[in-house]
Amino acid sequence: MEVVKIIKKIFPQLAISNALLQEISKIGILQSFKKDTVLLKEESFVKVVPLVINGLIKIYKEEENGNEVLLYYIKPGETCIVSVITAEKNEKSNVKGVVEEDVDVILIPKEKLYNLRKNFPGWNLFVYNSFNKKFDEVIDMVKVLTFSNKGKRLFDFIIKKAALNKSNTIHKTHQEIANELGSSREVISRLLKKLEKEGKVSLAQKEIKIL
C-alpha cells in the first residue's frame with residue numbers, strides 16, 4: 001500500500017491537509033521491524049521519528065539495576081513524542097524504544113522535522129494531541145505504580161496490555177512483567193497464582209488469559 005493510502009487510513013488527522021499528506025508521502029520511509037528490535041537507545045541521538053502503521057513499540061526507562069520503568073506504548077496511528085521532542089532539540093534520548101510486536105512504520109527523517117513544524121499546522125496539531133495523549137498515559141502509569149496495591153497493579157497492567165492486543169490473552173513471561181512493573185519474578189509469580197485462585201486469570205507457559 002502506498003504511503004498516501006496508509007496515511008489516509010491510519011493517520012486521518014495528517015490527511016486533513018492535502019499539502020501535509022503529500023509532504024509526508026514524499027519524505028516518509030516505509031520500513032518493517034521484528035519483535036525485540038531496539039529502535040531507540042538511551043544516550044543516543046534520534047535520527048528518525050516513527051509513525052506506527054501496525055504493531056507496538058514499547059517506550060521505557062532502564063534503571064541501573066536492570067529494572068524497566070514502562071512509560072507508554074506507541075500504537076497504530078501514533079508517534080513517539082519523546083523522539084519528536086528530542087530530535088527537535090538535538091539532544092540525546094533518555095528512554096529506550098523496543099519493538100513489542102512486529103511493526104510497520106513510516107519513518108520521518110530528523111532533518112525534515114523543522115520544515116514540518118514551520119510550514120504545516122496540521123503536523124503541529126498532531127504532535128500536540130500526541131503529547132497530551134501520552135502524558136495522560138504516563139500519569140495513569142504513575143498512579144498504578146504509586147498508589148495501587150501490588151495485586152491490583154498487576155491486574156490493571158494485564159487488562160491494559162490485553163486491550164492493546166485487542167485480545168483477552170497476553171503473551172509475556174513472569175520475568176518480563178516483573179521488569180516492566182519494577183518488581184521481582186518471584187513476587188509476580190505469587191501474585192499471578194493468587195489472581196488465578198480468585199478466578200480472574202488462567203495461566204499457561206508464557207500466556208496469561210483474562211477470565
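Me: At what angle do helix α6 and helix α8 pack, and how far apart are their axes?

Reply: Happy to start there. This is a predicted model, in which local features need pLDDT of at least 70, side-chain atom pairs count only at pLDDT 80 or more, and totals for chains, interfaces and linings use all residues. Residues are numbered from 1 along each chain as its sequence is written, and side-chain values use heavy atoms, with hydrogens and water left out. Helix α6 (residues 150–164) and helix α8 (residues 185–197) pack at an angle of about 80 degrees, with their axes 10 Å apart.

Me: What do the terms behind those values mean, and how are α6 and α8 oriented to each other?

Reply: Helices (H or I, at least four residues) and strands (E, at least two) are DSSP runs, numbered from the N terminus. Axes are lines fitted to C-alpha atoms, for helices over the stretch in contact, and angles run from 0 to 180 degrees between N-to-C directions. Angles under 35 degrees count as roughly parallel, over 145 as roughly antiparallel, 65 to 115 as roughly perpendicular and the rest as oblique. The angle is about 80 degrees, and α6 and α8 are therefore roughly perpendicular.

Me: Which residues of α8 does α6 meet?

Reply: Contact here means heavy atoms within 4.5 Å. From α6, the residues taking part are Lys150, Gly151, Leu154, Phe155 and Ile158. Their partners in α8 are Val187, Ile188, Leu191, Leu192 and Leu195.

Me: Which residues of helix α1 are buried?

Reply: Buried means under 20% relative accessible area, exposed over 50%, and partly exposed in between (1.4 Å probe, protein chains only). In helix α1 (residues 3–10), the buried ones are Val3, Val4, Ile6 and Ile7.

Me: Why do the buried residues of α1 line one face of the helix?

Reply: An α-helix has 3.6 residues a turn, so residues three or four places apart point the same way. The face of α1 turned away from its buried side carries the exposed residues Lys5, Lys8 and Lys9. Seen down the axis of α1, the buried residues line one face because they fall within an arc (taken from the directions from the helix axis to the C-beta atoms) of 165 degrees.

Me: Which elements do the buried residues of α1 pack against?

Reply: One partner is a helix, α2 (18–27). The strands they pack against are β1 (29–33), β3 (48–62) and β5 (96–109).

Me: How many salt bridges does a search of the whole structure find?

Reply: A salt bridge is a side-chain nitrogen of Lys or Arg within 4 Å of a carboxyl oxygen of Asp or Glu. One network of them links Lys75, Glu78, Lys133, Lys134 and Glu137. The search of the whole structure finds 16.
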